[in-house]
Amino acid sequence: MPNRLRPAALALTLALAAAAGCGANVSQEEGKGAGATAPSGGHYPVTVENCGEKKTFAKAPQRVVTNDVGITEIMFALGLEDHMAGYVMPDDKGDLTTVPWKDGYRKTKWLSKERINKELVLDARADLVFAGWSYGFNEGEGFTPAALRSVGVDSYLLSESCRNGQGKSRGVMAPLDALYTDLRNLGKVFDVEDRAETLVASFREQVAEAQAMAPKGADRPRVFLYDSGEDKPFTSGAFAGPHDIITKAGGDHVMKDLEDSWTTVGWETVVARDPEVIVINDYGDTTAEQKRKFLKSYKPLANVSAVKNDRFVTLDYVDLVESPRNPAAISALAEELR
């Protein structure tokens with residue numbers, strides 16, 4: 001049977017986030033966008049670089065709408081729920097009442113379980129949307145930062161989703177660097193830089209401790225991340241969360257040469273790279289156990305080491321996308337791979 005990891009190290013993150021302090025003293029005035037005129041002196045205006053674009057904020061946004069669980073929890077980890085109009089996510093993201101940021105979920109409005117769209121954002125009177133390419137923003141549906149800008153709403157892009165200039169492939173930095181970048185950028189935007197630095201330092205320490213106990217050298221097992229798909233598997237390349245989670249936990253990520261975040265490959269590639277462990281991404285209508293049964297029964301995979309030896313590990317979706325749960329996931333997987 002697969003191991004379902006519920007990282008105990010999340011409790012450490014909760015304690016560290018709580019120790020980082022309460023909300024910052026920022027203006028509660030609404031209705032001014034990022035381009036508004038700011039009084040001289042003080043913290044503002046501030047400028048951050050987001051996916052290659054410099055963005056200047058004259059004040060802290062007051063009505064942020066987030067899309068998806070990892071993005072929402074980045075805001076909660078920074079203690080910014082008072083700056084949020086609400087969040088959008090489907091109801092397949094696990095039990096949200098036991099996570100370190102459960103108070104954030106309790107205090108913040110769940111705006112929709114459907115796709116985020118411009119009408120929802122306008123109804124929420126949002127002054128900023130925190131989402132990403134394929135994490136809400138989608139040119140095919142006309143929901144883009146440019147479309148929001150045309151109606152006076154600013155945006156911040158999840159750094160994991162930054163496009164790298166090669167078509168629509170995503171990723172410009174290592175996954176954990178993307179997390180740390182967003183924490184620090186948002187810390188600056190919302191005047192909670194000390195809190196952001198405390199989180200980054202605690203996460204780095206947690207990852208270092210996991211690496212110290214992780215397999216090394218020839219003992220590193222080959223690991224494949226299975227998200228979904230039967231005709232072709234959807235998986236992680238070098239710029240999505242699983243790459244750093246697998247690598248820093250002591251695994252050899254078999255798709256580390258894919259210069260993309262989340263992408264599709266062929267089963268023949270998986271077979272040729274012969275993973276010894278398969279990590280299953282648990283979310284959606286297909287359960288982790290159903291995914292495991294498919295992998296076990298799919299004849300082309302019969303001789304793959306992980307399938308022959310029944311070595312499957314299950315992680316939750318939010319552990320694997322960019323989120324404050326990534327360091328705890330590294331700790332848990334490192335324990336499993338030892």
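Predicted model: local features only at pLDDT ≥ 70, side-chain atom pairs only at ≥ 80, totals over all residues.
The protein has 338 residues, and 54% of them are buried. Its secondary structure comprises 13 helices and 15 strands. Among contacts with a separation of 6 or more, 69% join residues 24 or more positions apart.

Nonpolar side chains gather in cores. The largest nonpolar core holds 61 residues. Within this core, Phe130 and Phe190 have the most contacts.

Helix packing was examined for α7 and α13. Helix α7 spans residues 193-213, and helix α13 spans residues 326-337. Their axes lie 9 Å apart and form an angle of about 10 degrees. Angles under 35 degrees count as roughly parallel, and α7 and α13 are therefore roughly parallel to each other. On the α7 side, the contact involves Phe203, Gln206, Val207, Ala210 and Met213. On the α13 side, Pro327, Ala328, Ile330, Ser331, Ala334 and Glu335 take part. Eight residues of this contact are nonpolar, two are polar and one is charged. In general, an α-helix has 3.6 residues a turn, so residues three or four places apart point the same way.

Strand β4 covers residues 64-67. Val64 and Thr66 point one way from the strand, while Val65 and Asn67 point the other way. All of these β4 residues are buried. Side chains in a regular strand alternate between the two faces of the sheet. β4 pairs with strand β5, which runs over residues 84-88. The pairing is parallel and consists of four bridges. Across it, valine 65 stands opposite glycine 86 of β5.

Helix α2 takes in residues 69-77. Nine of its nine residues are buried, so α2 is largely enclosed by the rest of the structure. The buried set is Val69, Gly70, Ile71, Thr72, Glu73, Ile74, Met75, Phe76 and Ala77. Just after α2, glycine 79 adopts a positive phi of about 70 degrees.

Helix α8 takes in residues 241-248. Here six of the eight residues are buried, so α8 too is largely enclosed by the rest of the structure. Gly241, Pro242, His243, Asp244, Ile245 and Ile246 are the buried residues in α8. A glycine with positive phi again comes just after the helix: glycine 250, at about 105 degrees.

Two single residues were also examined. Glycine 142 sits in the loop between β8 (136-137) and α5 (145-149). Its relative accessibility is 40%, so glycine 142 counts as partly exposed. Asparagine 117 is 25 residues away from glycine 142 along the chain. The C-alpha atoms of these two residues are 8.6 Å apart.

Threonine 263 belongs to strand β13, which spans residues 262-264. Buried means under 20% relative accessible area. With a value of 18%, threonine 263 is buried. Neighbours within four places in sequence aside, threonine 263 is in contact with Pro233, Phe234, Thr235 and Leu258.

Key: Residues numbered from 1 in each chain as written. Heavy atoms only, no water. Core = buried A, V, L, I, M, F, W, Y, C linked by side-chain atoms within 4.5 Å. Buried < 20%, exposed > 50% of the residue type's maximum accessible area, 1.4 Å probe, protein only. Axes fitted to C-alpha atoms, helices over the stretch in contact; angles between N-to-C directions. Helix = DSSP H or I, 4+ residues; strand = E, 2+ residues; numbered from the N terminus. Parallel < 35°, antiparallel > 145°, perpendicular 65-115°, else oblique. Contact = heavy atoms within 4.5 Å. Nonpolar A, V, L, I, M, F, W, Y, C, P; charged D, E, K, R; others polar. Pairing = 2+ DSSP bridges.
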